[in-house]
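Please work through the two exercises below with the sequence and the coordinates at hand, and try each task before reading its solution.

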Amino acid sequence: MYYYSMQPAQELDIHRLFDSYKETNNICLCIITAGIDNAYHSSYVRTLLSTQLLLLEKNIKHAIMCTDFKNNKYTTMNEAFSFAIHRPEYTHVLYIDSNVEWEPIDILKLIVADKRVCGVVCPEPSYNWGRITKNSDKLTQYMENPKENEHNISSILTNHKVNYGNASIEVVVSKNLMQVNMISTNLLLVSVDVLNRMADLDQVLRYDTPYCDFPTYTFFISAIIDNKIISEEETFFRNIKETNYTIWADVTIKNRMFVNHCFHSDFITYLISDTTKI
């Protein structure tokens, strides 16, 4: 596997790039947050408030839409995404799941990437036992000084929720971005234009609900394809590709997921450590 980066992360001045981008692009975010029984982790709320302050500082028009996963996660996401495409002021949907933690500047990174679909590589809420077994000697060595080797340890332990094709192909990273087949929806920026194109697909159904004054689309729905059950998120990304849009991930964005344990994602370190040529 090969890893190429045309421009290292530290050389990107995100604030300068964003200010330049905003001069020629209209941005209005529909920020969709998702809690269970309207409950949010305290660190999530702090980061969300800090993000809002940064957006206000940058004069980015936005609205925060709080949703509740009391019934079904993907039914709620369908309704929230459908709400956004029926409001002409919105240019993008920014979906942030309730168990993820990020840095406010990460949102600017997703915007200046200038991609119709751009997200981050989130950790799976499980350990990568195959990688742990394969690198047991390295892990033992790193654990002798865990503070200095925190990122190396994390890159071995973590399962990353991303599909970027056959593992034998080249992994090309340019300006911190990597084209992927599928990533997590936990922190995802999607252009409203993409959602409108998806709504026109035959397999994306439209239905009405008594508590919504707009039609709802099945952006997220499980399906059976080639005698295999396809998850709601995989169906979502398959339909994006059917509209001839590509899916991108900023591999430099580090994030954490809270389940019963805090799982860290530092995908750029994982890529570098898992390559044979830099």
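This is a predicted model: local features need pLDDT of at least 70, side-chain atom pairs count only at pLDDT 80 or more; totals for chains, interfaces and linings use all residues.

Residues are numbered from 1 along each chain as its sequence is written, and side-chain values use heavy atoms, with hydrogens and water left out.

**Exercise 1.** Determine which way the residues of strand 12 point, and find the strands that pair with strand 12.

Solution. Strands are DSSP runs of E with at least two residues, and helices are runs of H or I with at least four, each numbered from the N terminus. Leu187, Leu189 and Ser191 point one way from strand 12, whereas Leu188 and Val190 point the other way. In a regular strand the side chains alternate between the two faces of the sheet. Buried means under 20% relative accessible area, exposed over 50% and partly exposed in between, with a 1.4 Å probe and protein chains only. Because 5 of the 5 residues of strand 12 are buried, the strand is largely enclosed by the rest of the structure.

For pairing, DSSP must find at least two bridges between two strands. Strand 4 (residues 92-97) pairs with strand 12 in the antiparallel sense over 5 bridges, and Ile96 stands opposite Leu187. Strand 6 (residues 117-120) also runs antiparallel to strand 12, joined by 3 bridges, with Val117 partnered by Val190.

**Exercise 2.** Identify the buried residues and the exposed residues of helix 1.

Solution. In helix 1 (residues 14-24), Ile14, Phe18 and Tyr21 are buried. They lie on the same side of the helix, because their arc, taken from the directions from the helix axis to the C-beta atoms, is only 65 degrees. The face turned away from this buried side carries the exposed residues Arg16, Glu23 and Thr24.
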